[in-house]
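Please look at the sequence and the three-dimensional structure below before reading on.

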Amino acid sequence: MSTLTIAKAINEGLRRVLEDDPDTLLMGEDIGDLGGVYRVTEGLKAEFGADRVVDTPLAESGIVGTAVGLALRGYKPVCEIQFDGFVFPGFNQITTQLAKIHARSEGQLSAGVVIRIPYGGGIGSIEHHSESPEALFAHTAGLRIITPSNPHDAYWMIQEAVACPDPVIVFEPKRRYWLKGEVDTGSPGRGAFEAQVLREGNDATLVAYGPLVPVALAAAEAAAQDGGSIEVIDLRSLSPVDFDTVNASVQKTGRLLIAHEAPTFGGLGGEIAARISERSFYSLQSPVIRVGGFHLPYPVARVEEHYLPDIDRVLEAFDRAMAY
Amino acid sequence: MVQLLAPDGSRGQDPRFDAYAQALSPETLRGFYRDMALARRFDQEATALQRQGELALWVPAIGQEAAQVGSARAGASQDYFFPTYREHAIAMIRGIGPEKLLKLFRGVSHGGWNPKEHGFHLYTLVLAAQTLHAVGYAMGIQRDQAKSAQAGADSGSQQEPAAVIAYFGDGASSEGDVHESMVFAASFKAPVVFFCQNNQWAISVPFEVQSKVPLANRAAGYGFPGIRVDGNDVLAVHAVTSWALEQARADAGPVLIEAVTYRLGAHTTADDPTKYRGSAEEQLWAGRDPLPRLEKLLRAEGSADDEFFAQLTADGEALATSVRAAVLAMEMPDIRSSFAHVYAEQHPLVAEELAWWEQYEAGFESEGVQK
């Protein structure tokens with residue numbers, strides 16, 4: 001057991017994959033001497049050399065596209081996209097190429113590329129530095145998408161992403177990079193593609209992931225003080241979604257709330273609501289309620305507190321659900 | 001522009017590349033002609049099959065045989081090719097038969113062959129995407145060579161040097177991925193040859209709209225050599241590609257080749273070139289056709305006679321017959337195969353949806369409903 005921040009936990013996870021397999025390499029802009037703009041790769045170039053921790057030209061399509069080629073040759077690249085809003089120049093390579101290689105080649109080729117994307121708001125930054133584009137990728141068959149919410153998961157999920165033969169996008173909640181927690185380096189606990197019940201409850205199930213998990217836990221705590229009982233699930237994997245865990249919880253509680261920072265329209269919350277409604281229609285005592293971002297470009301930092309779901313917005317949704 | 005074989009069949013001069021052409025035996029030259037003639041006959045048959053509704057689409061390469069055969073015959077077995085979607089002559093040279101090559105166009109596969117087996121990647125329909133894959137693959141070769149050198153120092157054996165060729169067209173040259181691939185290739189000195197077949201037209205848009213300068217000139221901006229070659233001259237294409245691959249394999253970095261050629265037919269069977277280009281231009285380029293050009297040389301030098309060409313015509317007809325048979329015999333896929341390969345490891349959503357579909361299908365059978 002050791003206490004680490006999420007950023008340091010990912011750093012340790014990356015160190016382990018670099019140690020374990022000489023065919024893994026990290027690629028991205030500023031990841032070498034600088035150690036990444038969030039210092040997630042700090043010290044790794046000094047330890048493993050410039051061939052293993054590669055500072056690339058500033059070109060997102062180039063980073064992903066060459067990673068695909070390296071993977072075809074048998075290497076295991078872990079790419080860093082510096083910020084969420086800058087992934088789009090690489091979107092074509094991720095969705096039309098990386099995601100489809102296994103299918104197009106009828107299983108003869110794999111490209112187990114890992115793409116790390118710091119995402120989400122709440123850090124007071126300027127435009128394109130605070131977005132949550134996960135649904136755009138979750139909609140694409142062939143990709144796997146995970147997002148840790150605590151240091152233990154961050155340490156293990158990056159390693160599982162590298163071990164996975166499929167392409168995996170790891171969305172890292174950047175405003176939680178400095179969140180500290182215990183990491184059990186001896187055992188991962190659960191698999192990267194499973195959800196986890198973090199807090200038991202009876203009145204409603206609250207699903208969250210990534211940066212909103214601490215918000216969800218705090219909301220459940222606040223509700224408890226008023227006599228409400230919220231079960232909190234950390235989704236952890238956005239593709240596949242562990243519907244079984246969510247469904248089992250909803251069958252117990254009878255209500256479902258979903259919170260994410262991304263705009264609610266077309267977001268993961270809608271997908272979860274639809275699938276759970278289909279599976280557990282007769283267990284639901286209220287409509288599924290989503291708490292998320294508005295249909296806006298991510299707003300300027302001075303007003304982002306009104307955009308980001310917080311404890312009060314989650315509790316308002318809980319009250320609405322309980323009123324049915 | 002490098003030219004070693006003029007349209008009238010006479011040999012040209014170029015001090016940098018003469019030696020490559022001089023080294024080719026009459027037998028090799030006959031082989032080049034054979035590759036080109038069979039590729040053209042194959043192409044004609046595929047076009048006919050599309051017109052008869054047997055292929056969903058065809059992408060003719062007629063007119064570009066010298067660019068394809070000359071470059072492909074410069075490659076070694078350990079080299080790796082990244083094609084766009086028109087490299088049929090190259091695919092044939094890399095050992096991919098019509099029963100594999102036409103699966104994509106028949107609509108029974110998104111691929112059709114095992115790239116590793118042939119050193120020839122799947123066709124890529126998204127323009128220029130493969131140029132980055134090629135550079136990444138070349139960076140992988142670099143790493144392999146470094147490992148091999150390390151191991152070889154211990155064991156005394158070393159892996160044979162290899163290189164990558166990335167094919168793209170004049171239209172694709174406008175895509176950002178071509179730029180990014182050249183930046184990466186230059187920065188990491190990747191063993192890659194960029195091979196642009198400038199066939200003058202990106203569907204209906206002429207080359208002048210893609211570039212105001214010869215594409216080969218752009219290489220200087222990235223810091224590696226660019227060569228403009230007569231793409232209808234198989235000797236010149238073979239020479240410059242051989243040189244470029246030697247450079248790449250010798251760790252001298254990337255090369256850009258612009259093969260100036262012309263597609264004599266449509267972009268695909270879905271377009272009509274008479275709507276966007278004039279017959280005078282087509283006639284001009286028909287006069288530069290790579291096949292009659294090499295035929296003239298072979299006859300002038302006594303390397304091939306009537307019997308050779310007659311035999312080749314017969315071989316072409318036999319190929320056409322086998323192409324037709326291969327297309328008609330293609331097995332129709334089961335939708336289950338589409339579910340099978342989305343992921344390398346099981347994905348619960350895919351499994352769930354397949355299970356639903358199986359049950360849905362079974363419902364029809366058990367009720368005896370005619371579909």
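Predicted model: local features only at pLDDT ≥ 70, side-chain atom pairs only at ≥ 80, totals over all residues.

Residues are numbered from 1 along each chain as its sequence is written, chains are lettered from A and ligands numbered from 1 in the order in which they are written, and side-chain values use heavy atoms, with hydrogens and water left out.

Consider the domains of chain A. The domain assignment divides chain A into domain 1 (2-183) and domain 2 (196-322); such bounds come from an automatic or database domain assignment. Taken over C-alpha atoms, the centres of domain 1 of chain A and domain 2 of chain A are 26 Å apart. In contact across this boundary are 26 residues of domain 1 of chain A and 23 residues of domain 2 of chain A, where contact means heavy atoms within 4.5 Å. Between these two domains of chain A an area of about 1,900 Å² is buried, and carbon and sulfur atoms give 54% of that area. Buried area is the accessible area (1.4 Å probe) that two parts lose on being put together, summed over both.

What holds charged side chains together across the interface of domain 1 of chain A and domain 2 of chain A? The rule finds 2 salt bridges there, a salt bridge being a side-chain nitrogen of Lys or Arg within 4 Å of a carboxyl oxygen of Asp or Glu. Glu261(A) and Arg175(A) form a salt bridge through their side chains, at 2.4 Å from N to O. On the side of domain 1 of chain A that touches domain 2 of chain A, the elements giving two or more residues are helix H6 (134-138), strand S6 (144-146) and helix H7 (151-163) of chain A. Helices (H or I, at least four residues) and strands (E, at least two) are DSSP runs, numbered from the N terminus.

Two further pairs involve these elements. Over all chains, the whole structure has 41 salt bridges. In one salt bridge, the side chains of Arg144(A) and Asp166(A) meet at 2.8 Å, N to O. Arg144(A) lies in strand S6 of chain A and Asp166(A) in the loop between H7 and S7 of chain A, so that the pair links distant parts of the chain, 22 residues apart.Aromatic rings also pair: a search over all chains finds 36 aromatic pairs. Rings of Phe, Tyr and Trp (its six-membered ring) pair if their centres lie within 6.5 Å, and planes under 30 degrees apart count as stacked, over 60 as edge-to-face and the rest as tilted. Phe137(A) and Phe171(A) make a tilted pair, with 6.0 Å centre to centre and 55 degrees between the planes. Because Phe137(A) is in helix H6 of chain A and Phe171(A) is in strand S7 (residues 168-173) of chain A, this pair ties together parts that are 34 residues apart in sequence.

The interface of chain B and chain A comes next. The contact takes 43 residues from chain B and 45 residues from chain A. About 3,700 Å² is buried between chain B and chain A, with 56% given by carbon and sulfur atoms. In chain B, Arg143(B), Phe184(B) and His341(B) lose the most area to chain A, together 17% of what that side buries. Between chain B and chain A there are 5 salt bridges. Glu352(B) and Arg279(A) meet through their side chains in a salt bridge of 3.4 Å, N to O. The elements that give two or more residues to the side of chain B that touches chain A are helix H7 (115-118), helix H8 (129-155), helix H9 (176-188) and helix H17 (348-367) of chain B. The largest share of that side, 12 residues, comes from H8(B).
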